[in-house]
Amino acid sequence: MPLDVDAVRRGCPQPMTAANQLCGADIDRFRQIASEDGPLTVGCTLKAALFSDVAAELGRKTPIQFADIRETAGWSSEANRAGPKMAALLAAAAEPAPAATWVELESRGVILIYGCDEKAIEAGNLLKDHLDVTVLISSPAAITTPYGALFPIAKGQVTSATGHFGAFELTVDNFAEAAPWSRGTLTFGPSRNGAHSVCDIILDLSGGRPLFGESGLRDGYLHHNPHSPASILQAVIKARDLTGTFQKPRYVNFEPKLCAHSRSQRTGCTRCLDLCPAGAITPSGDHVEIDANICAGCGQCAAACPTGAVSYALPSEEALVSRMRAMMMAYRAAGGERAILLVHDAAHGAPLIEALSRYGDGLPANVLPFVVNETTQIGLETIAAAFAYGASTLRLLLRAKPRHDVSGLAQTMILADSILAGLGFGPERIATIETDDPDLLLHTLRAIPPLAPSAQPASFRAVGKKRDVLRFSLGELHRSAPTPVGIVPLPPGSPVGAVEIDTKGCTLCLSCVSACPTSALRDDPERPVLRFVEDTCVQCGLCQATCPEHVITLVPRINFETARTPSQILKEEEPYCCIRCSKAFGVKSSIDRIIAKLDGKHWMYAGSSRRLDAIRMCGDCRVAFLAEEIIEPFSAGPPTVRTTDDYFRNPTQQSLIDEDRSGGEK
């Protein structure tokens, strides 16, 4: 492949060495460089194992970073113009990646094979020497008795399934064990409902709907076509190795104190609950719980979470944006123009790009492949950063038939599209490419119109947690926008916005303040006032659900002026001061309204100004006043409960009581 050394050096100012055959004839040059323990990036992934072994022999301690500049850049019909792309790929690979954390799952090899006919028993025979097998037949019409079966066989229908790899729990109705004296065809004993089963692995050959929502997203649950021998064999081979201790990445981090799911039994934000395709998220009081054993890593919860309570960890939003920054800055420095950022995953996108480079024309020179763990993990902060850094368009590569629902990604794109359109970037900036065909991928990329990037690309370094990265990205996007307007309206359900208050109906009870999980709504200890900080509002709706007067309205929008106007007063009233100690203790309009309703209209306060004075006092003074004046609460009117003494004072009532005591009729 041609190598534009000058362009790469312009984009990567670090010392660079070019070679023709680094893994062969030039291996000694690699040995010389690798012997010096320092940051090192190698532009080859095919021989990564060889380079790592040589470095280990040399006693190198700092790990080597690898970048693929051949399949993604050099093997292309536009390879002569791919120098800036190579610089971008090398710069991105050199960015440090935080180490992943892991979750341990243990399997003892107990497997339940759930099928509908003899194929489940055949699968059991293939696995009996490797796993602890139990076969459950859902509808045994006429199954020939297996000869010498060394595992339990039963019938029944699975009605519920919970748990994860290594700890599945199932409830089975119409459960009955096969009779050991079965002759000819299997017969079963008495059946019962509600049978409980525990296992480490489930092989589902029932042919029905998956037991766990989206098929293929729960580790240890294998859902395969019972009518395909190849599919059954594939499942058996995979199940055979599922014994022992396994590690899976902890895909997301969760901070419960930031969660805006619920307050005071009022439901607010449910974005992550609505999007999780694996069923790993469940409500738990005021927040949610995320089971790391079940999480499949799609990342839609992290992309949608407005508070940053859920953040992606493989890698974090900060690390992802930092890698994008290095890529875009190196591309521009090397002379690259009109960059198309192609976001893809390693499992689907990387093989597609490799096939295109090996058997087709390869990627265009201005298409920068940006690999992530899952394409659906991309959030608003990453999209905003991409255009702030100077990308002209963004494309997200998906499977022709996605493994799970991608509605979360679609919502993120709609939100980002609204912001870009409002800032003057125009249409067709963001789209998905849903294909398994390399040629169709190339055709779609070549059909992208040549849109101009930002005239003032940013170079900010995003730091902090997800919410901080989002704030940085949106601020820089606004600064580099063609028409940087102050306020951009957003579609309903957006995670940013404002609240409007009907001031005539608001009583300043401040229940919204106590319900707000992000302190976007605030009070003032000195006076009756309701403040609003738009920059921290996440449109969870808890204030709207809590307000007893129903005077709060959510307004989805993004206000780029909030940094200069951190808070605004939604409503302010004159305080009511205690007539005894002069301390402010309430809202004047509310106290006056209460007094107007009671004065002369309620028997307890009729003709008594002294009683109304108690309402005009603060809590402490009111208690002291009532004790000093010896005011009986019921003295101004008839008692509501009649006592025995009242009956004794009435001669007629006394006669009736005497007759009752003597056994006479009442």
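Is F212 buried or exposed, and what is its relative accessible area?

A: F212 is buried, at 6% relative accessible area (buried is under 20%, exposed over 50%, partly exposed in between, with a 1.4 Å probe and protein chains only). This is a predicted model: local features need pLDDT of at least 70, side-chain atom pairs count only at pLDDT 80 or more, and totals for chains, interfaces and linings use all residues. Residues are numbered from 1 along each chain as its sequence is written, and side-chain values use heavy atoms, without hydrogens or water.

The structure holds 8 aromatic pairs (Phe, Tyr or six-membered Trp rings with centres within 6.5 Å; planes under 30 degrees apart are stacked, over 60 edge-to-face, the rest tilted). One of them joins F30 and F51: the ring centres are 4.7 Å apart and the planes meet at 50 degrees, so this pair is tilted. F30 belongs to helix α2 (residues 27–34) and F51 to helix α3 (residues 48–57), so the pair ties together parts 21 residues apart in sequence (helices are DSSP runs of H or I, at least four residues, numbered from the N terminus). F30 is buried, at 3%. F51 is buried too, at 1%.

Back to F212. Its ring pairs with that of Y221: centres 5.1 Å apart, planes at 75 degrees, so the pair is edge-to-face. Y221 counts as buried, at 4% relative accessibility.

The charged end of R323 sits over the ring of F370, 4.4 Å from its centre (NZ of Lys or CZ of Arg within 6 Å of the centre and within 35 degrees of the ring normal).

Definitions and conventions
Helices (H or I, at least four residues) and strands (E, at least two) are DSSP runs, numbered from the N terminus.
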